[in-house]
Structure formats: C-alpha cells, structure tokens
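Keep both in view as you read the points below.

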Amino acid sequence: MKTTIYASSEFLKHDTGHNHPESAARLETLLSLFEEKLTSVPQKEPQAAEIEDIALTHPESYIYELMDLLPDTGYAAIDTAGECILSPSSWESLLLSAGAGISALNDIMSGETTRAFCAIRPPGHHAEAQKPMGFCFFNNAFITARIAQERHNIKHIAIIDFDVHHGNGTDALTRAHNDTHPNEPLFYASTHQAPLWPMTGDPTNNTDHIINATLPEGSDGKVLMNAYEEHIFPALNAYAPDLLILSAGFDAHKDDPLAGLSLEAEDFGTLTTALCAIADKHANRRMISLLEGGYNIQALKSSVEAHLHALSTT
Ligand SMILES: [Zn+2]
C-alpha cells in the first residue's frame, strides 16, 4: 500500500487578492507541512487537465467563457456574489487543480500508488456544469469520477464530501448524470452544517445514490461519525464502490472562520480511517482525496496532517 501527495507551488499563482479566505497561504502552509513532517510520503507534481478532460463535466462553451474572463492585470470577480476571483495566472492553477485527480487516477491504475492526497486550489465542489460558485470554477472531484468511468472503465465511483458546506455542484452533476446514465449511477454523499450557505443538501431529497446528512451548529466529531454510520455507510456499502473520491474540506474544524461546527483535527483522522476501511473492503484500497475548503491556516495544517497520517498508515 502506498500513498502519494500531489502538490505544486504553481497553485500559489492563483491570486485571489487581499483578505480572501481561499488564499495562496492555505497551500503554502500545506507545502511546508509536507516538507517538515511528512517526508516519508512521496510527493509528485500533478499534470494539467486537458480541455477534453474537463469537457466530460463542463460544456466547452463554459470552459472557454472562463478563459475569456481572465484579466490581463489585477483581479476579476466573475460570479454575482463576488467570491470567485480570477487573476492573470489563475488559468494554470485551474487546469492543475482539475488535473491532479486525473494524475492520481492514472498512477493508481498503473499500480504506481494506491491512495492519493491532492493539495489543490481552487476547490471544486460548488462548481456546477455552467456556473462558478463559492471559490470554485471546475468541479475537480466530478471531473476525476467521469474520467475514471470513461477512460478506465471503472463504473462504481463514490464521492464522499466532508467539507462543512454542501457540495451543491457535485450533487447537481451527480443527479444529472444518474438521470441520463441509469445503468451507471455515481454515488454522492455529503455531511454538512445546516442551516448554512449554500442552503442546499436537504436530506428529504435523498435517493439511493445521493445521501445528504445535515449537522446542527456546534456538532463535534462524535455527531459527525454518527451521521456517517447511520446514514452514509449503509448506502455506501450497498453501492460497493470500485473507487472512492473524497471531497476533503477541513472547514468543519472548530476554529474555521466560515462555519460553526466543533471538530478537532484528530476527528478528520478518525473519519479517514473509517473511509479507508470501506475502500479496503470494496475498492481494492483505491482512494483519491481532493482538497476542498479549510480556511483557518493552522487548523487546516493540523487537520490535513491527521488526514494524511490516517491515509498513509491505515
Ligand atoms: Zn467549505
């Protein structure tokens, strides 16, 4: 069993401006964590996604529209909320962020590694087919899942999203895919604080393959694990995934400025260990973890350390 980190200093070039929570400092702290404490875990540079890779998830018109919105200088807010900021060097980060999961997948399928953590930005789980949202432009997790289906003939893929916010983009993309491909449904499960932006992910809309579980403000690691054991793991085991993709957001940490849950760093390790057991049981241990949120720099660092420790030793 081998775990590989996919990371690049190129992600620092996606400049979101002064005081933006999704800042280059997030990646900077993770790069220093890998250098200081995780030297035993091998690290690789990811490859940029090709347009045709992304086009399995987002229409080409949307991809080129984003490209056209890149500013020559300064910053461009490209969504109505003013949260999705592009700067002149953002495009490479967007393609690398979309490509990291594909790089990990290629290496897993060739037997070079078993598990992967992709330290990427911008995140992806709020991006819908034709809509940037919540710091996200391309849906990195869904892009990886569709490449696995189309290029590697892996049909049962589960995306598990433990970011504190509901992954509205991944949820919508999965529902649309499952409507048009009823014989090859993807699985999406999310735990998220409710009520909280983006106010989607109501469990009353759950299906066999879309499982949303909500957590009230103040929930700790025990409440989180109960939600997984009660609502998500039974459906996930019934689906029997051949590959697990994690939308790994760390903003459910108690110190995160954007939300109100009460997790400690170690709780991310506990959840990761439980997810590894499911990957071991069904998916030949294959797991690709993609960074989503996490906006307190110190909390992000300690939470990713706990996550990677579990990923590389379980
Ligand atoms: Zn989040």
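With 24 C-beta neighbours inside 10 Å, Phe135 counts as buried, because 20 or more are enough for that label. Phe135 also has a positive phi of about 75 degrees, although it is not a glycine. Please bear in mind that this is a predicted model; the mean pLDDT of the chain is 97.

**Confidence**
- 100% of the residues of the chain reach a pLDDT of 70 or more.
- Among the elements of the chain, strand β6 (residues 157-161) has the highest mean pLDDT, at 99.
- The lowest mean pLDDT among the elements, 94, belongs to strand β3 (residues 76-77).

**Backbone features in the loops**
- Phe135 sits in the loop between β5 and α5.
- That loop, between β5 (115-118) and α5 (140-152), also holds Pro122, and the peptide bond from Arg121 to Pro122 is cis, with omega near 0 degrees.
- A cis peptide bond also joins Trp197 and Pro198, here with omega of about 5 degrees.
- Pro198 is placed in the loop between β7 (187-193) and β8 (210-215).
- Asn19 is not a glycine either, yet its phi is positive, at about 70 degrees.
- You will find Asn19 in the loop between β1 (3-6) and α1 (24-37).
- Is Asn19 buried or exposed? Asn19 has 6 other C-beta atoms within 10 Å, and 12 or fewer means exposed, so Asn19 is exposed.

**Leu94 and its surroundings**
- Leu94 belongs to helix α4 (residues 90-109).
- Leu94 counts as buried, because 27 C-beta neighbours lie inside 10 Å.
- Which residues does Leu94 contact, leaving aside its neighbours within four places in sequence? They are Pro122, Phe137 and Phe138.
- Of these contacts, Pro122 is the proline on the cis bond from Arg121.
- Leu94 and His209 are 115 residues apart along the chain, and their C-alpha atoms are separated by 28 Å.

**Helix α9 with helix α8**
- The axes of helix α8 (residues 265-282) and helix α9 (residues 297-313) come within 8 Å and cross at roughly 30 degrees.
- That angle makes α8 roughly parallel to α9, because angles under 35 degrees count as roughly parallel.
- The crossing of α8 and α9 is right-handed.
- On the α8 side, the contact is made by Ala265, Glu266, Phe268, Gly269, Thr272, Thr273 and Cys276.
- On the α9 side, the residues are Ala299, Ser302, Ser303, Ala306, His307, His309, Ala310 and Leu311.
- By class, the contact of α8 with α9 has seven nonpolar, seven polar and one charged residues.

**Helix α9 with helix α1**
- The axes of α1 and α9 come within 9 Å and cross at roughly 40 degrees.
- α1 and α9 are therefore oblique to each other.
- The crossing of α1 and α9 is right-handed.
- From α1, the residues in this contact are Ala25, Arg26, Thr29, Leu30, Leu33 and Lys37.
- From α9, Ile297, Leu300, Lys301, Val304 and Glu305 take part.
- How do the residues of the contact of α1 with α9 divide by class? Six are nonpolar, one is polar and four are charged.

Definitions and conventions:
Residues numbered from 1 in each chain as written. Predicted model: local features only at pLDDT ≥ 70, side-chain atom pairs only at ≥ 80, totals over all residues. pLDDT = per-residue confidence, 0-100. Helix = DSSP H or I, 4+ residues; strand = E, 2+ residues; numbered from the N terminus. Axes fitted to C-alpha atoms, helices over the stretch in contact; angles between N-to-C directions. Parallel < 35°, antiparallel > 145°, perpendicular 65-115°, else oblique. Left-handed = near helix turned anticlockwise from the far one by under 90°. Contact = placed C-beta atoms within 7 Å. Nonpolar A, V, L, I, M, F, W, Y, C, P; charged D, E, K, R; others polar.
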